[in-house]
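Open the structure in your viewer and keep the selection tool at hand. Each stop below says what to select and what is there.

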Amino acid sequence: MTAHATDFDGFYQRHYGATVAMTYGFTADLAESQDIAQEAFCRAWQRWKVISRYEQPASWVRRVATNLALSRWRKLRVASAYLARQHQADLPELTPDHVDLMAALRLLPVAQRKALVLHYLVDLPIAEVAAELGVSDGTVKGWLHRGRHTLAAELGDEVRRAASPPPAPELRVRADRRRLRRSIVTAAAAFLAVVIVVTGFQLLGRAGGQPMPPASPNPSVSVDPSPSPSRIVAPAKPAPLAPTSCRVEQLPLPKGHGPASHLSGGDPTGRFLLGSSNDTNIYIWDNGKLVATPTLEGIDDSQLTDINSAGVAVGYSLDQNSATIPWLYRDGKFVRLPGGYAEPTAINEQNVIVGTTGNLPVIWRTPESQPELLSLPEKYFSAAHVEISEEGLVVVTAESASRSRGPNRAFVYYPDGTHIELAQPPLTADYVEWAATRIRGDWVAGGAFLNGKHVTLRWNLRTGKSDAFPELGGSVVVNEHGWLAAAQPRPVIRTDKGEQIPLPTNIPNVSEDGNYEAVYVFGDDGRSAAGELAIRSGDNVAVRWVCQ
């Protein structure tokens with residue numbers, strides 16, 4: 001283990017319990033609080049190079065955890081509007097502990113609640129609470145005097161005893177593997193929405209003032225759910241011959257960087273690749289050669305998420321409150337995208353950009369235009385994945401406000417603003433929800449999950465047909481011919497005819513444990529792919545595969 005990792009692990013062990021205790025004051029759910037705390041520490045590890053030099057790294061983690069908790073509360077404002085229309089008999093029974101806690105917290109303004117949990121649960125002195133919230137010591141004292149300090153102190157002790165942190169190496173590996181995309185909202189969030197409905201209180205309003213106007217035409221208009229060739233802009237292209245062999249190479253880093261590195265995106269030809277490490281936020285590779293390490297002046301936390309074949313990329317940075325600021329990178333320069341806080345996730349060859357804001361899907365028709373909201377169908381209130389094809393089709397995985405009322409589903413939005421729901425894949429009845437994560441040409445790829453098992457899915461928008469591939473798991477990418485590149489059980493290419501071409505893993509110091517392998521980029525020619533492999537130190541490294 002490196003000194004860098006040892007330093008983080010000690011920090012994580014010291015502050016995990018207090019972070020969970022603080023978050024519990026906002027969520028009233030221990031499992032949810034632990035999820036949020038782990039997410040905050042995952043983000044801290046990804047930026048540990050910068051955060052470790054802060055005077056108070058724990059303050060950064062607390063701020064991220066607080067924002068994550070409040071973000072989930074803001075989601076519940078939308079969820080509660082839906083749940084309020086449901087029958088009372090459908091609502092789960094509330095426990096006395098949850099009712100008591102909500103009764104104590106619901107009456108407090110957000111700032112007072114922050115002061116309460118920071119002082120009594122995290123044990124910060126009043127001066128530090130005041131500095132963190134940007135108010136005077138006297139204001140904090142007044143908030144605390146009016147707060148339920150006895151309950152908060154007892155709650156902090158209880159949660160600290162109950163919160164057992166997962167092993168630090170496990171958390172670091174999870175942070176290293178993951179791409180920073182929105183995850184599916186947990187069932188605890190839906191439960192808290194019920195709490196709000198039953199008590200009849202609106203704890204928080206949505207951030208950012210008035211919502212953005214919907215895209216025009218109105219995307220909520222439904223269409224015939226059976227795709228047809230007339231709705232597909234581009235004609236089908238003949239598939240190339242399958243490659244016969246592939247080789248793997250570790251993507252180079254500047255001298256003194258590494259060994260860990262991570263892949264965050266790439267263009268459809270496989271020429272340009274994007275990545276990061278604990279030493280640098282952004283790497284750009286061109287045909288396997290490192291060509292740029294661009295930085296945003298004065299901003300330490302930034303990442304590029306996607307790039308097209310012209311070398312135009314999109315990404316985001318985090319401000320001091322961990323809110324995401326959207327950026328376009330072109331000709332060696334960063335330009336802020338119009339609109340407020342948002343996270344761009346994909347850009348196509350026409351420079352049309354998609355992403356999320358407030359966990360809702362948005363589209364920038366041009367890099368200079370304001371983002372437009374893609375209205376979600378009724379019953380859905382959040383987007384987990386947003387991707388775009390060269391033809392302007394947008395795929396969105398939508399999260400339901402209540403799993404008992406409707407599981408998560410995947411939708412495709414057409415350039416005219418209409419949308420369809422992707423057909424139910426050929427799965428057993430046990431699989432009740434699925435996600436779509438990639439779109440390319442006529443094809444959409446995604447997955448379904450049940451009891452820890454992952455099944456790869458593929459939809460053909462031209463025919464409406466869907467397929468399931470239980471033998472393929474982990475991250476999966478699709479190209480314009482419907483070929484799949486998957487990571488589990490071992491990295492492999494699967495052609496439209498069912499041919500399978502192994503992607504080798506023979507890099508120096510490669511780990512024999514294939515659990516942390518990933519494929520994130522797959523070229524349309526079927527000759528290039530990129531992803532990550534695990535090495536013996538427990539780190540992941542960015543790699544590319546070249547086939548012939």
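The tour goes from the whole chain to single residues.

**The whole chain**

This is a predicted model, in which local features need pLDDT of at least 70, side-chain atom pairs count only at pLDDT 80 or more, and totals for chains, interfaces and linings use all residues. Residues are numbered from 1 along each chain as its sequence is written, and side-chain values use heavy atoms, with hydrogens and water left out.

Start with everything selected and colour by secondary structure. The chain has 11 helices and 28 strands; these are DSSP runs numbered from the N terminus, helices being H or I with at least four residues and strands E with at least two. Of its 548 residues, 58% count as buried. Buried means under 20% relative accessible area, exposed over 50%, and partly exposed in between, with a 1.4 Å probe and protein chains only. The chain exposes about 22,800 Å², and carbon and sulfur atoms supply 51% of it; the areas come from the Shrake-Rupley method with a 1.4 Å probe, and for residues only the protein chains shown count as cover.

**The largest nonpolar core**

Select Phe8, Phe11, Tyr12, Phe41 and Val61. These residues have the most contacts inside the largest nonpolar core, which has 34 residues. Such a core is a set of buried Ala, Val, Leu, Ile, Met, Phe, Trp, Tyr and Cys residues joined through side-chain atoms within 4.5 Å. Helices that each supply at least two residues of this core include H1 (3-27), H2 (30-46) and H4 (57-83).

Now centre on Phe41. Which residues does Phe41 touch, not counting residues up to four places away in sequence? They are Phe8, Phe11, Tyr12, His15, Tyr16, Thr19, Val61 and Leu171. A contact means heavy atoms within 4.5 Å.

A second, separate core has 26 residues, among them Ile347, Val354, Ala383 and Val394.

Next, select Val20, which is found in helix H1. Val20 counts as buried because its relative accessibility is 0%.

**A four-stranded sheet**

Select strands S18 to S21. They form an open sheet in the order S18-S19-S20-S21, with antiparallel pairing. Two strands pair if DSSP finds at least two bridges between them. The edge strands, S18 (434-440) and S21 (466-469), each pair on one side only. Six bridges join S18 to S19 (residues 443-450). One place to look is Arg438, whose bridge partner in S19 is Ala445.

**The disulfide**

How many disulfides does the structure hold? There is one, and it joins Cys246 to Cys547, with 2.1 Å from S to S. A disulfide is counted when a pair of cysteine sulfur atoms lies within 2.5 Å. The torsion about the S-S bond of Cys246 and Cys547 is about 105 degrees, so this disulfide is right-handed. Cys246 is in strand S1 (residues 246-250) and Cys547 in strand S28 (residues 540-547), 301 residues apart. Both cysteines are buried.

**Two residues with positive phi**

Most residues other than glycine have a negative phi. Select Asn287, in the loop between strand S4 (283-286) and strand S5 (289-292). The phi of Asn287 is near 50 degrees, and Asn287 is partly exposed, with a relative accessible area of 48%.

Finish at Lys379, in the loop between strand S13 (372-373) and strand S14 (380-388). The phi of Lys379 is near 85 degrees, and Lys379 is partly exposed at 34% relative accessible area.
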